[in-house]
Amino acid sequence: MRYICIHSHCYQPPRENPWLEAIERQDSAYPYHDWNERIMAECYAPNTASRILDPEQRITRIVNNYAHTSFNFGPTLLSWMESEAPEAYFAVLQADRESRERFSGHGSALAQAYNHMILPLANSRDKRTQVAWGIEDFRSRFGRPPEGLWLPETAVDLETLGILAEFGVRFTILSPYQAHLVRPKAGGDWIDVAGGRIDPARPYELKLPSGRAIALFFYDGPVSQAVAFEKLLDSGEKFASRLVSAFSESREGDQLVHIATDGETYGHHHRYGEMALSYALHDFEQGGLAKITNYGEYLENHPPAYEVEIYENTAWSCVHGVGRWSENCGCNSGGRPDWNQAWRRPLRDALDWLRDFVAPLYEQLAAELARDPWAARDGYIRVILDRSEPARAAFLLEHQARSLDPAEQVRLWKLLELQRHAMLMYTSCGWFFDELSGIETVQVMQYAGRVVQLADELFGLAIEGRFLETLAGAKSNVPEFRDGAEIYRQFVTPAMVDVSKFTAHYAISSLFETYPDETDIYRYSVAREDYRILEAGKLKLILGKGTFTSRVTRESALLSFGVLHFGDHNLTGGVRPFQGETEYRDLVKNAGEAFYRADVPEVIRLLDRGFGTHLYSLKSLFKDEQQKILGLIMASTVEEAEAAYRQLYEHHAPLMRFLHGLHLPLPDVFRNTAEFALNSLLKRAFIQRPLDVERVKALLEEARVAGVALDETTLEFTFRKRLERVSDRFAENPGAIQPLRRLVELLELQPVLPFQLVLWSVQNKCWGALQSAWPAMLETAARGDKTAREWIGLFRRLGDLLHVRVEEKAMEPA
């Protein structure tokens with residue numbers, strides 16, 4: 001028998017602001033909010049609903065690739081998906097359930113070490129916690145223990161494998177270049193298979209120093225390389241043929257061809273790669289060339305007949321062992337050959353110093369609160385997964401040394417958060433790329449910054465200076481950033497949040513957004529006790545007080561706040577611990593009287609006196625809210641500028657067309673004016689309700705005639721979101737004719753649009769209606785219902801526009 005197994009390693013580094021537990025806008029991911037959202041749209045979601053096409057390139061089937069392959073998703077990515085991409089999240093969980101039915105009870109999902117730490121470079125305690133957290137996260141989501149666990153970057157050593165075996169993990173997957181020696185279990189000489197010469201068609205057993213054993217699969221290196229880097233996914237036929245070519249007639253007995261690549265290969269790195277994958281899987285299932293399987297099923301039916309020894313401290317993406325995450329080994333992305341990565345070692349040294357400095361302090365203080373500080377850390381994953389009061393109570397019942405009062409509980413939660421961030425700061429992407437100031441490396445520095453902040457609060461030690469001295473040894477390739485200490489000051493220090501800064505954010509944002517008395521914002525809860533807003537023209541004064549509580553550490557504070565808004569972007573505000581009712585009432589009374597007298601200097605003086613040095617401005621807002629509020633503030637100004645450009649364009653458009661007709665170049669001022677005006681007009685037209693189709697066509701024709709460049713990325717994304725909103729309404733009631741008619745009308749614009757629409761979501765809605773509404777509407781139309789007949793005609797047209805095969809069935813006359 002011939003078997004095929006395809007593994008996708010799906011992972012994104014944790015990108016959340018450590019203080020907010022939310023991802024802030026990443027401009028480099030435009031037009032998406034952040035890179036998680038972008039890669040979800042380009043890869044993970046499309047693989048949950050991948051298309052199989054007929055010879056006319058019409059969709060005839062939509063399949064969940066994950067249900068037919070082996071896969072792992074990083075726990076921190078799954079956590080983000082659960083809240084931000086729930087449809088794809090539940091499709092991944094469903095894929096594992098379906099795979100258990102398909103593969104003899106063996107689920108296709110593998111666990112992963114928690115936050116993608118390079119385990120051979122970790123200390124023993126961190127290795128254990130990373131595995132424990134990865135397994136518990138997996139169990140909580142997939143409802144079963146994992147059979148296999150993916151090692152980040154396949155980085156391996158015997159200690160790590162021993163921990164996997166201790167936790168009941170049956171197998172993991174490695175690169176063929178990590179194998180050293182093999183021999184039959186029945187006995188015989190060891191055979192050197194260095195240089196990737198191991199036969200990947202069978203599983204192997206590794207005997208561990210503890211006496212336990214673990215199974216290892218070594219993926220097919222050449223085929224995996226071709227999938228990732230040689231454009232094999234340009235064609236599903238080529239992909240299937242290459243996989244089949246890896247079988248060998250010279251092998252005796254059953255053989256397994258299996259590959260492992262980053263999951264992002266299928267759609268993000270290679271557009272439509274998910275369709276090549278689903279085509280190949282369908283080809284195997286229909287053609288009988290090989291049986292699709294997963295690792296758990298194959299291992300049950302083919303227990304290892306060979307044992308293996310490995311090269312320790314090796315990984316799949318570094319030919320120098322694990323140097324890519326610890327030294328200037330020469331591995332990089334290749335984009336800037338003039339740069340070096342000598343910063344890797346001092347960065348790791350700085351983090352190692354920080355970890356080792358706080359560990360004994362943690363152990364000493366936590367021992368007063370928990371029976372076993374390190375067992376408590378291992379068990380803390382259950383609180384990370386569920387921060388509800390019952391989950392916290394269950395954790396305390398299991399781990400507390402004695403009954404803890406509320407202040408002691410806060411101290412314990414902060415200690416455990418310190419340890420969580422002391423592991424998050426080792427996320428592998430911090431070292432993977434070329435430059436110290438890259439967003440992935442800044443991210444791990446931010447986690448380190450959270451450790452520094454918590455250490456200061458818990459132990460009363462100002463350790464930031466010593467940490468930065470070591471971090472300064474990491475030198476940036478970009479002169480303006482100089483070194484790690486300067487990058488920390490520019491990107492980590494401003495991102496830090498405490499309860500006062502959060503309260504300032506709340507107070508300032510409340511000028512522009514209405515909040516109820518009790519609300520949750522990011523990882524904080526607000527219970528407002530008093531809130532007053534005074535207005536006089538553009539001037540606004542806010543004064544209030546409330547209890548602000550971290551939903552992570554449960555730390556709580558009663559604070560008062562005040563903000564004076566002068567209009568536009570000019571405002572000043574203050575926050576301080578509540579000083580008592582008398583002082584607060586006096587401030588409210590005196591500031592209110594001064595405000596109504598229009599004595600602005602006196603209001604400012606009172607705020608300064610009432611809040612001291614704890615003053616904030618619009619710069620204090622968190623990034624997303626800051627951009628939203630600035631957008632509101634600038635709306636009228638931007639509208640004025642756009643109107644001016646439109647007026648200039650309309651006044652000079654005839655001359656521009658004349659010049660274009662003579663094939664003469666437009667002066668820069670004309671070209672820039674036309675580009676700004678037409679892009680602005682088109683964007684407005686795309687969001688206008690109802691959509692004026694003829695106006696859109698006219699503007700597109702103007703752009704064509706004027707020969708101006710359109711912002712295709714922004715325009716496509718804007719039009720796509722409009723289209724998806726209409727398709728969502730259609731999906732809510734697929735039998736209704738008006739949303740269907742509107743959807744067809746919008747899609748009829750495709751031939752004149754200067755960009756290719758991403759229709760994945762809209763096609764899914766059409767496919768759903770084809771399964772749910774189409775059969776009933778056919779029957780109704782066959783009975784002579786005029787509306788149903790119109791619906792059938794429109795839906796057939798919708799299928800044509802979306803390249804979805806709609807079965808043609810004659811409607812009998814009534």
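**Cysteines, cavities and a sheet**

The cysteine sulfur closest to that of Cys331 belongs to Cys318 and lies 3.8 Å away, which is too far for a bond. A disulfide is taken here as a pair of cysteine sulfur atoms within 2.5 Å, and the structure holds zero of them. This is a predicted model, in which local features need pLDDT of at least 70 and side-chain atom pairs count only at pLDDT 80 or more, while totals for chains, interfaces and linings use all residues. Residues are numbered from 1 along each chain as its sequence is written, and side-chain values use heavy atoms, with hydrogens and water left out.

Cys331 has a relative accessible area of 10% and is therefore buried (buried means under 20% relative accessible area, exposed over 50%, and partly exposed in between, with a 1.4 Å probe and protein chains only). Cys766 also counts as buried, because its relative accessibility is 1%. Glu779, in contrast, is exposed, with a relative accessible area of 52%. Glu779 sits in helix H28, residues 774-782 (helices are DSSP runs of H or I with at least four residues, strands are runs of E with at least two, and both are numbered from the N terminus). Its C-alpha atom is separated by 9.9 Å from that of Arg789, 10 residues apart along the chain.

A cavity is a set of points, on a 1 Å grid over the protein atoms alone, where a 1.4 Å probe fits but cannot get out; lining residues have an atom within 4 Å of a point. H10 (344-366) gives the largest share of its lining, four residues, while H4 (124-142), H11 (373-379) and H14 (406-424) each supply at least two. Among the lining residues are Arg125, Asp126, Arg355, Asp356 and Trp374.

Two strands pair if DSSP finds at least two bridges between them; E19 (residues 570-577) and E20 are joined in the antiparallel sense over two bridges. Gly573 has Tyr616 in E20 as its bridge partner.

Note on methods
On a 1 Å grid over the protein atoms alone, a cavity is a set of points where a 1.4 Å probe fits but cannot get out, and a pocket is an open set with protein on both sides within 12 Å along at least five of seven lines; lining residues have an atom within 4 Å of a point.
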